[in-house]
Amino acid sequence: MPNAQQSYLNNLSSEFGRGWNRFWFTPAAAAPLGLIRLVFGLIALWWYLSYIPDLAFFFGPQGIINSPTVEQWRGPYPVFSIFDWPQTAASLWFTYWLGLVVLVLFAAGLFSRITSVAALLVVVSLIHRGPMLAQPMEDVLAMVMLYLCFGPSGAAFSLDRVWKRRTTSRLEDNIAAPPSIGANISLRLIQIHLALLHFGMAIGQLRDDSWWMGRAIWGFISKPESGYVDLTWLSDHLYLLNLWTHGIVVFEFAFALLIWNRLARPILMAAAVLVWGSIGLVSGMLAFTLVMLGATLAFMPAEWLARRRSHEAL
């Protein structure tokens, strides 16, 4: 019996180790990671540019979000932001435009190993400069941009890739970038965090009476000025509103638990488009919808991209 137990434990340890190594250290294609970098680079640019009309009003020398106010929001923990340094309107705008250049280079995939880290610094700095302005969208944006720093996010859909193809021989590098462990680690980190995010949102919604009672979606629809479509006519369709509300919670649980199954993955990714798209339309949270769908690309099989390209694109 002791020998049987020892054998079982040895097999368990061995299988766990192989599974762990297979999950984290199997080389993965860089194309999905490059696509995510492109998508989040464009989202970051859109978000960053939205500050232009109110940049001086918020963060200027006479801005309403001054240093004492920011320190109160930040709490006792030291927080770094490059936007804490400017003391004049000119230096503030100089810092802002410099950050914009970094984000453009990041989105274009130029010097990606450097610009991915610099872009994360720019985004986090702007968030930390006005923490009271931050929304859930910024959390997901910063999360994905952090994980993009760990892998070769510029190996596909990037100017780095174009440059490499032009400076190497056709025999050496005329097809897709080779799979890498770094790409797999970055994708796995995004996948795990996204699954946990769905699970956490579902748990949080179960603590809210409006979600239990099936009224949460009506809370968005009843404020047509916030959404992109007016669905107030659904007030006479209580069962449909309840189904919509509860369906979102079911989807979030299903995504967190079943997205790891290859057969369920296409269904859940299609459902994500419907769920987050519908929430974005009725709530006006388009930015949050985009980052959630963009992060879902981490589950896209590289084969899906390969089928649509006879040669490596960019």
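Buried means under 20% relative accessible area, exposed over 50%, and partly exposed in between (1.4 Å probe, protein chains only). The views show a predicted model, in which local features need pLDDT of at least 70 and side-chain atom pairs count only at pLDDT 80 or more, while totals for chains, interfaces and linings use all residues. Residues are numbered from 1 along each chain as its sequence is written, and side-chain values use heavy atoms, with hydrogens and water left out.

**View A. Arg18 and Glu15 in helix α1.** Arg18 forms a salt bridge (a side-chain nitrogen of Lys or Arg within 4 Å of a carboxyl oxygen of Asp or Glu) with Glu15, their closest N and O atoms being 2.3 Å apart. Both residues lie in helix α1 (residues 2-25), three residues apart, about one turn of the helix. Arg18 is partly exposed at 43% relative accessibility, and Glu15 is partly exposed at 47%.

**View B. The salt-bridge network of Glu71, Arg74 and Asp84****.** Within helix α4 (residues 67-74), Glu71 and Arg74 are three residues apart, and their side chains meet at 3.6 Å, N to O. Arg74 also pairs with Asp84, with the closest N and O atoms 3.0 Å apart; Asp84 lies in the loop between α4 and α5 (89-108), so this pair ties together parts that are 10 residues apart in sequence. Arg74 is buried at 11% relative accessibility, whereas Asp84 is partly exposed at 30%.

**View C. Arg37 in helix α2 (residues 31-49)****.** Arg37 is buried yet has no salt bridge, the nearest side chain of opposite charge, Asp160, being 7.2 Å away. The side chain of Arg37 instead reaches the backbone oxygen of Phe106 at 3.0 Å.

Note on methods:
Helix = DSSP H or I, 4+ residues; strand = E, 2+ residues; numbered from the N terminus. Lys, Arg positive; Asp, Glu negative; His and termini not counted. Polar contact = N/O pair within 3.5 Å; in protein donor to acceptor, adjacent residues only side chain to side chain.
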